[in-house]
Amino acid sequence: MPAKGHWLLKSEAEDYSIDDLERDGQTPWTGVRNYEARNLMRDDMAPGDLVLYYHSNAKPSGVVGIAKVVSEPYPDPTQFDKKSYYFDAKSTREAPRWWLVDVGFVKKLPKTISLAEIRQHPDLQEMALLKRLRLSVQPVTPREFALIRGLATGA
DNA sequence: GCCAACGTTGGC
DNA sequence: GCCAACGTTGGC
């Protein structure tokens with residue numbers, strides 16, 4: 001078992017916000033249809049990993065909360081559901097194409113750490129967020145994680 | 001709403 | 001296997 005991982009997960013605030021996650025307690029992270037993001041979830045995530053919860057297409061976009069991985073990776077059930085928007089006819093139960101984990105609510109940050117703020121911070125220039133703007137599941141270093149949490153809480 | 005970035009598809 | 005066309009993401 002590797003050291004506890006740190007991640008950043010993006011969600012559109014109007015689609016599934018941190019408030020939705022707080023209400024639900026936890027949720028299956030369905031609908032990721034990007035291979036790199038899939039690989040990270042399937043191969044590298046483990047229960048207990050910590051997650052920066054990022055709102056995209058928000059005003060402003062940024063990190064709004066902390067979540068955590070609460071399940072082992074497993075096949076995304078929506079890929080088999082013909083009625084789902086995420087249905088994938090090329091995926092089989094024998095060889096599922098898309099994987100996910102369940103994500104649990106931890107806390108909302110007292111203030112949003114905006115993308116603009118991250119861009120300006122000298123110690124956050126190496127974040128995947130800035131280099132891989134469109135990737136919706138990204139690795140974060142423990143240092144980056146602690147720094148962003150500290151910016152929000154004043155620690 | 002616009003548009004740049006960039007991942008995916010499909011013709012050849 | 002290349003690459004143009006296309007579709008999506010996501011900042012602004």
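## A buried tryptophan and its partner

Trp29 has a relative accessibility of 9% and therefore counts as buried; buried means under 20% relative accessible area, exposed over 50%, and partly exposed in between, with a 1.4 Å probe and protein chains only. Tyr53 is likewise classed as buried, because its relative accessible area is 0%.

Aromatic pairs are assigned to rings of Phe, Tyr and Trp (its six-membered ring) whose centres lie within 6.5 Å; planes under 30 degrees apart count as stacked, over 60 as edge-to-face and the rest as tilted. By this rule the count comes to 3 aromatic pairs. One of them joins Trp29 and Tyr53 in an edge-to-face arrangement, at 5.7 Å centre to centre and with 85° between the planes. Trp29 lies in the loop between strand S2 (26-28) and helix H2 (35-44), whereas Tyr53 belongs to strand S3 (residues 50-56), so the pair ties together parts that are 24 residues apart in sequence.

## A second aromatic pair

The ring centres of Tyr85 and Tyr86 are 5.2 Å apart and the planes stand at 80°, so this pair is also edge-to-face. Tyr85 counts as exposed because its relative accessibility is 76%, while Tyr86, at 27%, counts as partly exposed.

## Basis of the model

This is a predicted model, in which local features need pLDDT of at least 70 and side-chain atom pairs count only at pLDDT 80 or more, while totals for chains, interfaces and linings use all residues. Residues are numbered from 1 along each chain as its sequence is written, chains are lettered from A and ligands numbered from 1 in the order in which they are written, and side-chain values use heavy atoms, without hydrogens and water.

## Fold and dimensions

Chain A contains 5 helices and 8 strands, taken as DSSP runs (H or I, at least four residues, for helices; E, at least two, for strands) numbered from the N terminus. Their order from the N terminus is β-α-β-α-β-β-β-β-β-α-α-β-α.

The C-alpha atoms occupy a box of roughly 45 × 35 × 25 Å along the principal axes. Of the 155 residues in chain A, 47% are buried. Among contacts (heavy atoms within 4.5 Å) between residues at least 6 apart in sequence, 71% join residues at least 24 apart.

## Charge

Chain A carries 22 positive and 21 negative side chains, and the centres of the two sets lie 2 Å apart. Lys and Arg count as positive and Asp and Glu as negative, with His and the chain ends not counted; each charge is placed at NZ of Lys, CZ of Arg, CG of Asp or CD of Glu.
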